Amino acid sequence: TPHNVSQLLPFTTTKMDNNNNSIEDQPAGKKKPTTLLLIPCLLITTSMLLLYLSQNKIILISSTTTTISDSDHSRLRYDPCVGRYIYIHNLPSRFNKDILQDCESISRPKDKTSMCRYIENSGFGPQMGDGDSTDSKYSRSWYATNQFMLEVIFHEKMKTYECLTSNSSLASAIYVPYYAGLDLRRYMQWSCNVSERDAAGKEIFKWLKKQPQWKGLSGKDHFLVTGRISKDFRRYSEDNSSWGTNLMLLPESQNLSFLTIERSPKRQNEFAIPYPTYFHPTSAVEIRQWQDKMKLTNRTVLFSFAGAQRQSKNYKGLVRTQVIEQCNSSSKACRFLDCDVKANICDNPISLMKLFESSVFCLQPPGDSLTRRSVFDSILAGCIPVFFSQGSAYKQYTWHIPNNISEYSVYISYKELRNGGKNKIEEILRGIPNEKVVGMRENVIRLVPKIVYTKPNRHKPDGGVLEDAFDIAVKGVVKRIEETRREIQD
């Protein structure tokens, strides 16, 4: 930008007379008003200056105007939170706190345990103490965590995030702590009509659109976390018998970024992040200690599966049927924990973890949806996952697991499974060289820090770098929103 603004001022064209005096090149008596030409030029110069400053992160321009002093400029240049600041909307309590206080309303009749139990300990649920196991392997950082509590866990961790700001103009992303998944559980009875289920989604956007933070980018810098699969929020029919809500189909939703336990690969604003596991450590040391234990675990079972039969005749149900049949036919190599018959054991975290810890491979067929919480439980146990659908992990958790899929997992297509005979799974797994198996297990164990949600305590007592599933998710969504800003700017 020029130091002297006058260098940009437009000059009238002149001619010289015989005495070398300038003569205005315009009709006599009509001087061109240079002031009118000056105004658009100054506007262009000002716009260029603001764009230059915003691109260099010196100031951030939003719908909320904030004056930044010289001292603030200096601080921002050396502030480690620049480009990482998060602003949390202070939503009306009906969108989060009230849902937890009325926790019996989110318990369904077929739930074996009240959901109130799982709200404890920042959404981790009850601690697994001596009453659950006398095995010293499980520290006090193990909890009976419900797979649908991600919204609470993420919110509690965000409250202690080190780069929070109350000045939304400094924020790289804006978090909307609406517990959409738990809210849906309150209306899962077939007696609830679609207008009841959809009401909160319409209300949240009505509230957001009144906030100054929304007006700048119409919500394109906002993100929301859901503890259910995204399909639950994309109900196309208005029939009361149809499943879910229409939250993700609302016009305003198209601008938000959604972090969810299972995304639709066709949706560009949905991003999958890990299901919660049972392990919520405090420090990097605690994670390393667990990883060392898993490296030394004696694995006596070649492969295992924990789950229930699916009666549906679609692809997912047929894959499950094949997996269970092949596991039963390979009784000496496979252990099947039938959750239809032994439901109580399947609900016991220790029983599940011990099964996975004793297994070399853990089968992960689709269930009600393509993804399973069991995938992350098996990774935690150092058990190599075996997938039967690309959509179960590879097209889902791109922020958290590597794309070199053969280095940490096995993929068996449905065609190969169906046409390969009754022992095809065992045949494929036995055909993998032992050296390859050892390397795959080591790679699986390396993933543990990336798929666990640590306790909401940003003070790292051991001084180690502790980047967990939450940190990776925040980094991913901030990057995504920054790319959106750049596209708009371009």
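**Close-up views of a predicted chain**

**Figure 1. The start of helix α11 (residues 349–357) carries a side-chain contact.** A side-chain oxygen of Asn 348 comes to within 2.9 Å of the backbone nitrogen of Ile 350. This is a polar contact, that is, a pair of N or O atoms within 3.5 Å; within protein, one must be able to donate a hydrogen and the other to accept it, and residues adjacent in sequence count only if both atoms are side-chain atoms. Helices (H or I, at least four residues) and strands (E, at least two) are DSSP runs, numbered from the N terminus. The model is predicted: local features need pLDDT of at least 70, side-chain atom pairs count only at pLDDT 80 or more, and totals for chains, interfaces and linings use all residues. Residues are numbered from 1 along each chain as its sequence is written, and side-chain values use heavy atoms, with hydrogens and water left out.

**Figure 2. Helix α11 is largely enclosed by the rest of the structure, because 7 of its 9 residues are buried.** Buried means under 20% relative accessible area, exposed over 50%, and partly exposed in between (1.4 Å probe, protein chains only). The buried residues of α11 are Pro 349, Ile 350, Leu 352, Met 353, Leu 355, Phe 356 and Glu 357. Their cover includes helices α8 (284–296), α10 (343–346) and α12 (374–380). Strands β8, β9 and β10 also belong to that cover.

**Figure 3. An open sheet has 5 strands in the order β9-β8-β10-β11-β12.** The pairing is parallel. Two strands pair if DSSP finds at least two bridges between them. Strand β8 (residues 301–307) joins β10 over 3 bridges. Here Phe 303 has Phe 361 of β10 as its bridge partner. Strand β10 (residues 359–364) pairs with β11 over 4 bridges.

**Figure 4. Ile 432 sits in the loop between α14 (424–430) and α15 (434–446).** Is Ile 432 buried or exposed? Its relative accessible area is 18%, so Ile 432 is buried. Setting aside neighbours within four places in sequence, Ile 432 is in contact (heavy atoms within 4.5 Å) with Phe 361, Val 410, Val 437 and Met 440. Val 410 is 22 residues away along the chain, and 9.7 Å separates the two C-alpha atoms.

**Figure 5. Strand β5 (residues 222–226) has 5 of its 5 residues buried.** Both faces are covered. On one side are His 222, Leu 224 and Thr 226; on the other are Phe 223 and Val 225. Strand β4 (residues 173–176) runs parallel to β5 and is joined to it by 3 bridges. Ile 174 has His 222 of β5 as its bridge partner. Strand β6 (residues 257–260) is also parallel to β5, with 4 bridges between them. Val 225 stands opposite Leu 259 of β6.

**Figure 6. The largest nonpolar core has 104 residues.** A nonpolar core is a set of buried Ala, Val, Leu, Ile, Met, Phe, Trp, Tyr and Cys residues joined through side-chain atoms within 4.5 Å. Phe 154, Phe 223 and Phe 361 have the most contacts inside this core. Helix α17 (residues 469–489) supplies its largest share, 7 residues. Beyond four places in sequence, the contacts of Phe 154 include Tyr 175, Phe 223, Val 225, Leu 259 and Phe 470. A second, separate core of 20 residues includes Phe 95, Leu 184, Phe 233 and Phe 258.

**Figure 7. Asp 79 lies in the loop between α2 (70–78) and β3 (86–88).** Asp 79 counts as buried because its relative accessibility is 14%. Its side chain reaches the backbone nitrogen of Cys 81 at 2.9 Å.

**Figure 8. The mean pLDDT of the protein chain is 84.** pLDDT is the predictor's confidence in each residue, from 0 to 100. In this chain, 80% of the residues reach 70 or more. Over residues 1–66, pLDDT stays under 50. Residues 130–134 are also below 50. Where pLDDT is low, the predicted coordinates should not be read in detail.
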